Amino acid sequence: MTANLLDYDLEGLAAFCERLGEKRFRATQLFRWIHQKGASQFDEMSDLAKSLREKLKTSAAIKAPPILAQHISSDGTIKWLFDVGGGDAVEAVFIPEEDRGTLCVSSQAGCAVNCRFCSTGHQGFSRNLTVGEIISQLWFAEHFLRKHLKTSERVISNVVMMGMGEPLQNYTALVPALRVMLDDHAYGLSRRRVTVSTSGVVPMIDRLGQDCPVALAVSLHAPNDALRNDLVPLNRKYPIAELMQACRRYLAFAPRDFITFEYCMLNEVNDAPEQATELVKLIRQEGAGVAWCKFNLIPFNPFPASGLIRSSQDRVLAFARVLSDAGIVTTIRKTRGDDIDAACGQLAGDVKDRTDVQKRISRQRTVMLKPVSEITPRGRENASND
Ligand code: SAH
Ligand code: SF4
């Protein structure tokens, strides 16, 4: 069986090389070719002995899932849809900003958590992505962008695990994928530039803190259990008090960090000023709150089956004011890529028809496809404030 080398972190690749009777430094060389140079063919790897290249050709491959669609927004946001087989498609979104380039990465096809406001959740759960399928999103996007921007410098400076799926319910694939992102022989991202976003899988927050304490974002969405049980069903298993404790423990593993609480603004559901006051009490609770945190308010991205409405800008601002008046750093996420549905499972939500993904894609409303050379990751006016 051929191994897909995108499935390995450096340790895994070293073990693979050992099985081939090769020394460890070969694994480092290979790793650099794959992730730093974007090589997909062993013949490109000029400093590897011909005999090794031949051996690799019969035992290994470097293979990302095929791209089903690439959508480019007028604001420079790019969304790719990857075909992961069996009628499943997952997406990755590149968001260029003035001072950084962020890639939003998926961890599962579908999601079992089933939050009320999330179109990925509404699709149900299909399966966990492999390490290779997670890291392929970064591998493909980074090298695609470098090629088309004609640069040899790094384009993606930040990764957020905020695409489809609950990353902490795919922990065994998540951690090696994070290690590849952080590895200096691969993407060399600092752990503060890689964010895992979770709906609150408490035991796995603890494990992440021990194994790989990257930046943590927690999708809170409600100030009390009654409302959160309804919006994020996982709350029935891990209620808010336990989640807050897990956040506090996490910060002990990641000193000088803070937790980002995400809060999706749903009109007249969770967006009243009194609810903001309740949040302040929760977060500032003596001995039980989370001192080091910030809030990121996300305008709800509506989809028909949700029955929910995006909060007005006025309500979002009033809510934000309560938090910031209490001294909590609060940002409001700029919506990006609206014209290509670049938020949170929207496109893949549309194509989740196992019969014919390709056909449904072509039926999608036309999206603007600019020549890629026109996209620039720098100098955009649309800098986000998070
Ligand atoms: N499962 C993880 C990560 C993926 S979702 C989590 O829930 O944190 C990433 C973020 O997008 C989460 O904060 C989620 O609440 C938010 N989100 C999901 N659907 C959304 C929608 N329709 N509009 C706005 N934000 C949404
Ligand atoms: Fe899953 Fe996150 Fe969507 Fe909830 S918001 S259903 S956890 S992907």
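Residues are numbered from 1 along each chain as its sequence is written, and chains are lettered from A and ligands numbered from 1 in the order in which they are written. Since the model is predicted, local features need pLDDT of at least 70 and side-chain atom pairs count only at pLDDT 80 or more, while totals for chains, interfaces and linings use all residues.

Student: What makes α7 and α9 roughly parallel to each other?

Tutor: The axes of α7 (residues 202–211) and α9 (residues 240–253) cross at roughly 5° and come within 9 Å. Axes are lines fitted to C-alpha atoms, for helices over the stretch in contact, with angles running from 0 to 180 degrees between N-to-C directions. Angles under 35 degrees count as roughly parallel, over 145 as roughly antiparallel, 65 to 115 as roughly perpendicular and the rest as oblique, and α7 and α9 are therefore roughly parallel.

Student: Why is α1 called oblique to α2?

Tutor: Helix α1 (residues 10–19) and helix α2 (residues 24–36) pack at about 125°, their axes 8 Å apart, and that angle makes α1 oblique to α2. The contact, which requires C-beta atoms, placed from the backbone, to lie within 7 Å, joins Leu-10, Leu-13, Ala-14 and Cys-17 of α1 to residues of α2 including Arg-24, Leu-30 and Phe-31.

Student: How do you know which classes of residue make up the contact of α5 with α6?

Tutor: Ala, Val, Leu, Ile, Met, Phe, Trp, Tyr, Cys and Pro count as nonpolar, Asp, Glu, Lys and Arg as charged, and the others, Gly among them, as polar. The contact draws Val-131, Ile-134, Ile-135 and Leu-138 from α5 and Ala-173, Pro-176, Ala-177, Val-180 and Met-181 from α6, which gives nine nonpolar, no polar and no charged residues.

Student: What makes a residue part of the surroundings of ligand 1?

Tutor: A residue is near a molecule if its C-beta atom, placed from the backbone, lies within 6 Å of it. For ligand 1 there are 16 such residues, the closest being Cys-118, Ser-197, Ser-219, Glu-262 and Asn-301, and by class the shell holds eight nonpolar, six polar and two charged residues. Around ligand 2 the shell has four nonpolar, six polar and one charged residues, among them Cys-118, Glu-166 and Ser-219.

Student: How do you know how confident the predictor is?

Tutor: The pLDDT, the predictor's confidence in each residue from 0 to 100, averages 88 for the protein, and 88% of the residues score at least 70. Over residues 350–386, however, the pLDDT is below 50.

Methods: Helices (H or I, at least four residues) and strands (E, at least two) are DSSP runs, numbered from the N terminus. Two residues are in contact if their C-beta atoms, placed from the backbone, lie within 7 Å.
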